[in-house]
Amino acid sequence: MTEPASALAQPAETAPVTIAGRDGAVEWLESPSLVEYDSAVAFMEDRVARIRAGTAAEAIWLLEHPPLYTAGTSADSSELREPGRFPVYATGRGGRYTYHGPGQRVGYVMVDLKRRGGDVRAFVHALESWIIDTLSAFGVAGMRRPGRIGIWVIPDDGPEAKIAAIGVRVRRWVTYHGISINVAPDLTHFDGIVPCGIDGYGVTSLENLNVTASMDDVDDALRETFASTVGT
């Protein structure tokens, strides 16, 4: 049942966050404007603490960032090809360098992992399934690849390319960070890094695959496929 959107209390400097609805124990949050990365992390850390304390519901937060790079816990500085191009944020999530920017749907997943079996690998697998099922709604066949994190596609007119990324952190059994799907970002912005440390492969987007989909369309598909993959 969808509840009316309403403003949320949040840390200072965070872009507006509204409640878009609720499915089971999970609130769906969204931000209509670009959210600075450090503000997003502050919001997530506050929410995670409150989920753990039992004073806030689990949440999926859908947003976009201004152009930036993030460095995960396994990032190698040699994979940052253009250090001065965009701001670079060190982050506690797993993985290496990742790009975020306009036209990319970011989904931050703040849920109680113990309610979902307490298995981090199974949780990551569920996030992969969530992305694959979302892409399927647009006729795109997303795939896992052994040894290569994220979700991959094989375009009709080119080699295999990455369309979605995953990076998760867990604090006291509550997850945060999450996924990103390339809807219609500027793909040249990925040139400044080796995305996720995987060289020799390109990146793509729904737009680049000639799929017409708005951010709202992608959000609808994410919400429709969440319960059957990650669970409410």
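This is a predicted model: local features need pLDDT of at least 70, side-chain atom pairs count only at pLDDT 80 or more; totals for chains, interfaces and linings use all residues.
The expected span of a helix is 1.5 Å times one less than its number of residues.

**View 1. Helix α1, checked by its length.** Helix α1 covers residues 37–53. Look along the helix for its buried residues: Tyr37, Ser39, Ala40, Val41, Phe43, Met44, Arg47, Val48 and Ile51. Notice that Arg47 is one of them. After the helix comes Gly54, with a positive phi near 80°.

**View 2. Helices α2 and α3, packed together.** Two packed helices are described by the angle between their axes and the distance between the axes. Here α2 (residues 120–136) meets α3 (residues 215–229) at about 135°, and the axes are 8 Å apart. Are the two helices parallel or oblique? Angles over 145 degrees would count as roughly antiparallel and 65 to 115 as roughly perpendicular, and α2 and α3 are therefore oblique to each other. The crossing of α2 past α3 is right-handed. On the α2 side, the contact is made by Ala126, Ser129, Trp130, Asp133 and Thr134. On the α3 side, Val218, Ala221, Leu222, Thr225, Phe226, Ser228 and Thr229 take part. Sorted by class, this contact has six nonpolar, five polar and one charged residues.

**View 3. Helix α3 and what surrounds it.** Staying with α3, the length check can be repeated: its 15 residues should span 21 Å at 1.5 Å a residue, and its end C-alpha atoms lie 20 Å apart, which agrees. Buried in this helix are Met215, Val218, Asp219, Ala221, Leu222, Thr225, Phe226 and Thr229. What do these buried residues pack against? Their partners are the strands β2 (26–30), β3 (58–63), β7 (104–110) and β11 (174–182), together with helix α2. Just after the helix, Gly231 has a positive phi of about 95°.

View 4. Asn182 sits in strand β11. Its relative accessible area is 4%, so Asn182 is buried. Setting aside neighbours within four places in sequence, Asn182 contacts Gly103, Gln104, Lys162, Ile163, Phe190, Thr204, Ser205 and Leu206. His177 is also placed in strand β11. With a relative accessible area of 3%, His177 is buried. His177 has a positive phi, near 60°, in a residue other than glycine.

View 5. Now turn to the loop between β10 (161–171) and β11, where Arg172 is found. Although Arg172 is not a glycine, its phi is positive, at about 50°. Is Arg172 buried or exposed? Its relative accessible area is 64%, so Arg172 is exposed.

View 6. Glu82 belongs to the loop between β4 (68–71) and β5 (88–90). Glu82 has a relative accessible area of 32%, which means that this residue is partly exposed. Between Glu82 and Gly192 there are 4.7 Å from C-alpha to C-alpha, although these residues are 110 residues apart along the chain. Not counting residues up to four places away in sequence, Glu82 touches Tyr69, Asp191 and Gly192.

Technical notes: Residues are numbered from 1 along each chain as its sequence is written. Side-chain values use heavy atoms; hydrogens and water are left out. Axes are lines fitted to C-alpha atoms, for helices over the stretch in contact, and angles run from 0 to 180 degrees between N-to-C directions. Helices (H or I, at least four residues) and strands (E, at least two) are DSSP runs, numbered from the N terminus. Angles under 35 degrees count as roughly parallel, over 145 as roughly antiparallel, 65 to 115 as roughly perpendicular and the rest as oblique. A crossing is left-handed if the near helix is turned anticlockwise from the far one by less than a right angle, and right-handed if clockwise. Contact means heavy atoms within 4.5 Å. Ala, Val, Leu, Ile, Met, Phe, Trp, Tyr, Cys and Pro count as nonpolar, Asp, Glu, Lys and Arg as charged, and the others, Gly among them, as polar. Buried means under 20% relative accessible area, exposed over 50%, partly exposed in between (1.4 Å probe, protein chains only).
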